Amino acid sequence: MLQKTPRSTPRVKADRVVFDRDLANSILDEALICHVGFVGDHAPIVIPTIHWRLSDRLFFHGSRGGRLNGVMAAGQDLCVTVTLVDGLVLARSAFHHSMNYRSVVLFGQAVEVDDGTEKKRAFDALMEKMAPGRSPHVRPPNDKELAATRLLAMTIDEGSVKVRSGPPIDSPDDLSWPVWAGVLPLSLAIGHPIADDQMTVEISAGRPA
């Protein structure tokens with residue numbers, strides 16, 4: 001279970017909140033982008049970035065000169081959010097329109113990962129998240145690239161999951177209103193691959209399906 005604290009316990013629509021770690025992990029794994037919030041220069045800042053998970057740790061990476069990575073390496077408090085939108089919920093009244101979604105909010109601090117073996121393992125996992133099966137076919141990062149890239153990890157501990165699913169919840173008085181109501185499902189789909197125009201040979205290894 002995720003650690004339940006006053007700051008990780010939503011007060012609105014509390015019936016949609018759970019602290020299920022397995023569900024949180026599945027949402028984190030499916031999402032391609034997260035948003036990381038922190039306080040900088042006396043003002044709140046939120047930055048989108050890629051993330052990936054290994055066991056109970058969430059990983060981030062970037063240039064050593066990047067602002068977000070510097071904040072993480074300094075051990076500042078972070079709020080990491082991920083949201084997957086599964087559908088538009090169209091109700092009979094404007095007030096009851098909604099979205100079906102799955103979201104995770106995590107709190108914690110990150111630490112920098114310096115061990116070369118662990119960095120290579122983590123970056124292999126990132127490649128596998130982006131394109132499963134591709135990691136063995138691409139050139140691995142060399143020592144110079146590894147040194148130039150900052151890897152940070154945050155333990156998945158404190159946080160919560162919030163989910164909305166199902167049809168619209170209209171007021172009984174609106175059920176006879178003459179308008180279509182229901183859910184428009186949404187999903188992220190991979191389009192047709194577009195080959196790099198600088199490819200000079202026909203290659204099958206690592207080609208997207």
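Leaving aside neighbours within four places in sequence, Asn 69 is in contact with His 61, Gly 62, Ser 63, Arg 150 and Leu 152; contact means heavy atoms within 4.5 Å. Asn 69 lies in helix H2, residues 67-73. Asn 69 counts as buried because its relative accessibility is 8%, and buried means under 20% relative accessible area, exposed over 50%, partly exposed in between, with a 1.4 Å probe and protein chains only.

This is a predicted model, in which local features need pLDDT of at least 70, side-chain atom pairs count only at pLDDT 80 or more, and totals for chains, interfaces and linings use all residues. Residues are numbered from 1 along each chain as its sequence is written, and side-chain values use heavy atoms, with hydrogens and water left out.

**Helix H2**

- Val 71 also lies in helix H2.
- Val 71 counts as buried, because its relative accessibility is 9%.
- Setting aside neighbours within four places in sequence, Val 71 is in contact with Phe 38, Gln 76 and Leu 78.
- The C-alpha atoms of Val 71 and His 35 are separated by 14 Å, and these residues are 36 apart along the chain.

**The sheet**

- Helices (H or I, at least four residues) and strands (E, at least two) are DSSP runs, numbered from the N terminus.
- An open sheet is formed by 4 strands, in the order E4-E5-E9-E8, with antiparallel pairing.
- Strand E4 (52-54) and strand E8 (110-113) stand at the edges with a single partner strand each, so one side of each has no neighbour in the sheet.
- From one strand to the next, the twist averages 35 degrees.
- Angles run from 0 to 180 degrees between N-to-C directions; axes are lines fitted to C-alpha atoms, for helices over the stretch in contact.
- Two strands pair if DSSP finds at least two bridges between them.
- Strands of a sheet pair through backbone hydrogen bonds, either parallel or antiparallel.

**Strand pairs**

- Strand E5 (residues 57-63) runs antiparallel to strand E9 (residues 149-155), and 7 bridges join them.
- Phe 59 stands opposite Ala 153 in E9.
- Phe 60 faces Leu 152 in E9; Leu 152 is also among the contacts of Asn 69.
- E4 and E5 pair in the antiparallel sense over 3 bridges.
- Arg 53 stands opposite Leu 58 in E5.
- E4 and E5 form a hairpin with 2 residues between them, and Ser 55 in the turn has a positive phi of about 60 degrees.

**Helix on the sheet**

- Helix H3 (residues 116-130) lies across E4, E5, E8 and E9.
- H3 runs at about 125 degrees to E4.

**Largest pocket**

- The largest pocket holds about 920 Å³ of space.
- On a 1 Å grid over the protein atoms alone, a pocket is an open set of points with protein on both sides within 12 Å along at least five of seven lines.
- Its volume is the space filled by probe spheres set on the points.
- Lining residues have an atom within 4 Å of a point.
- Of the 27 lining residues, the closest to the centre are Arg 134, Pro 193, Gly 206, Arg 207 and Pro 208.
- The lining divides into 17 nonpolar, 5 polar and 5 charged residues.
- Ala, Val, Leu, Ile, Met, Phe, Trp, Tyr, Cys and Pro count as nonpolar, Asp, Glu, Lys and Arg as charged, and the others, Gly among them, as polar.

**Whole protein**

- The protein has 4 helices and 11 strands.
- Of its 209 residues, 33% count as buried.
- Residues 24 or more positions apart account for 72% of the contacts with a separation of 6 or more.
- The C-alpha atoms fill a box of roughly 65 × 45 × 30 Å, taken along the principal axes.

How values were computed: 1 Å grid on protein atoms, 1.4 Å probe; cavity = no way out; pocket = protein on both sides within 12 Å on 5 of 7 lines; lining within 4 Å.
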